[in-house]
Amino acid sequence: MSHYQGDDAEYMEDEYEMEDVDDDMDEEFRAREMGSDSDIDEYDYLNNKVADTSAADARNGKDIQGIPWERLSITRDKYRQTRLEQYKNYENIPHSGEDSKKDCKITKKGGMYYEFRRNSRSVKSTILHFQLRNLVWATTKHDVYLMSHFSVIHWSSLTCSKADVLDVSGHVAPTEKHPGSLLEGFTQTQVSTLAVKDNLLVAGGFQGELICKHLDRPGVSFCSRTTYDDNAITNAVEIYDSPSGAVHFTASNNDCGVRDFDMEKYQLSKHFRFPWPVNHTSLSPDGKLLTIVGDSPDGMLVDSSSGKTVTSLSGHLDFSFASAWHPDGVTFATGNQDKTCRIWDVRNLSKSLAVLKGNLGAIRSIRYTSDGQYMAMAEPADFVHVYDVKNGYEKEQEIDFFGEISGVSFSPDTEALYIGVWDRTYGSLLEYGRCRNYSYLDSFV
């Protein structure tokens with residue numbers, strides 16, 4: 001993945017702000033940010049009251065993000081069209097997004113699998129690296145962990161309250177002693193990626209830092225620096241249960257390494273090296289295969305025990321930043337800067353099973369529901385696509401909003417879908433609930 005140098009840094013500044021396509025809209029955003037609306041609006045905004053939008057508000061016609069389109073001289077449809085025309089997709093290989101169109105599957109839109117429940121603007125989801133978007137994790141349908149500035153916070157959708165879980169703005173050091181743990185800890189860690197599963201939280205940093213915290217214990221359990229290489233950024237972390245029952249996690253790094261840590265022993269257990277920086281890794285449900293994607297159009301499927309390549313994955317036209325396995329262990333998905341998500345079948349890897357197209361840009365995050373019914377793929381901004389997997393990815397629900405996406409997460413029970421939105425004024429956490437057809441209850445109505 002890219003460094004913060006030259007054109008990349010300039011691109012970050014351009015990509016992160018909603019385009020100023022209309023003077024009135026820009027003035028409105030600045031007014032809201034500076035609190036210069038009416039006294040009531042200002043009081044409520046500062047107290048996080050007016051900020052949120054409920055399902056009832058949305059049904060009554062309120063914009064889910066609270067954007068006051070009726071007070072602007074541009075309509076939502078017009079602004080959407082402008083965003084589609086002007087948004088700049090970051091590419092490492094020129095024209096990859098355009099060239100990938102010919103392979104894409106035509107899907108039917110209009111699916112309704114998850115319905116809007118709430119937009120919480122009191123939760124400010126943030127991003128530090130424009131290519132890394134795995135900063136939102138739901139551990140239950142009511143509990144979400146995400147990055148907000150220099151803290152990992154917990155949000156409860158039951159109580160609509162938030163709490164700091166891990167503050168990395170100052171000094172962080174382990175409170176437990178384990179062999180191999182960096183007892184001096186870290187200062188002012190810039191968190192690039194995050195993973196939370198059950199009671200374990202792992203944050204990865206720009207300098208190869210790894211900070212591990214058990215949510216049911218005070219303090220930090222373990223700190224490690226994967227490498228002192230200049231090119232050290234931690235691109236992705238995945239937590240999993242090993243066949244023995246021990247909790248492990250894999251860390252994918254820009255130094256071309258993938259490292260496996262055993263959190264029962266608090267030790268590095270495996271270290272594999274690859275020809276290019278690794279941006280994301282995902283483990284098959286049976287624990288035998290690793291999907292490896294990174295700074296190459298081709299990905300790899302490797303043996304998780306030895307790190308040896310089983311086969312290469314050819315088809316994408318740019319660098320990849322996302323991967324995920326379907327719970328059946330037969331199919332998996334990869335997301336790329338060529339604006340596509342490719343579905344693969346391990347029984348025939350000569351070509352991908354399907355190619356799914358984004359609207360604006362790279363596919364930077366992919367998640368399957370635990371029952372395998374749905375898959376969500378997130379673009380860098382504005383769009384999350386939810387596909388009906390069981391029916392061959394033929395139909396999708398397109399969730400449409402405005403702002404950069406910090407991450408997406410289904411709850412383990414599949415009942416909730418959370419989307420982190422990063423925007424200067426309208427940054428928030430979107431919550432959707434799974435649609436259920438309880439027709440047997442109609443007899444009681």
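**Cysteines, positive phi values and a buried aspartate**

Cys-104 has a relative accessibility of 18% and therefore counts as buried, where buried means under 20% relative accessible area, exposed over 50% and partly exposed in between (1.4 Å probe, protein chains only). Cys-256 is likewise buried, at 15%. The structure is a predicted model, in which local features need pLDDT of at least 70 and side-chain atom pairs count only at pLDDT 80 or more, while totals for chains, interfaces and linings use all residues. Residues are numbered from 1 along each chain as its sequence is written, and side-chain values use heavy atoms, with hydrogens and water left out. A search of the whole structure gave 0 disulfides, a disulfide being a pair of cysteine sulfur atoms within 2.5 Å.

Most residues other than glycine have a negative phi. His-95, which is not a glycine, has a positive phi of about 70°. This residue lies in the loop between α5 (76-86) and α6 (96-99); helices (H or I, at least four residues) and strands (E, at least two) are DSSP runs numbered from the N terminus. His-95 is exposed, with a relative accessible area of 56%. Asp-382 also has a positive phi, near 75°, but is placed in strand β28 (residues 381-388) and is buried at 0% relative accessibility.

Asp-423 is located in the loop between β30 (416-422) and β31 (428-434). Asp-423 is buried without a salt bridge, defined as a side-chain nitrogen of Lys or Arg within 4 Å of a carboxyl oxygen of Asp or Glu. The nearest side chain of opposite charge, Arg-424, is 6.1 Å away, with Lys and Arg counted as positive, Asp and Glu as negative, and His and the chain ends not counted. The side chain of Asp-423 reaches the backbone nitrogen of Thr-425 at 3.1 Å.

Terms used
Polar contact = N/O pair within 3.5 Å; in protein donor to acceptor, adjacent residues only side chain to side chain.
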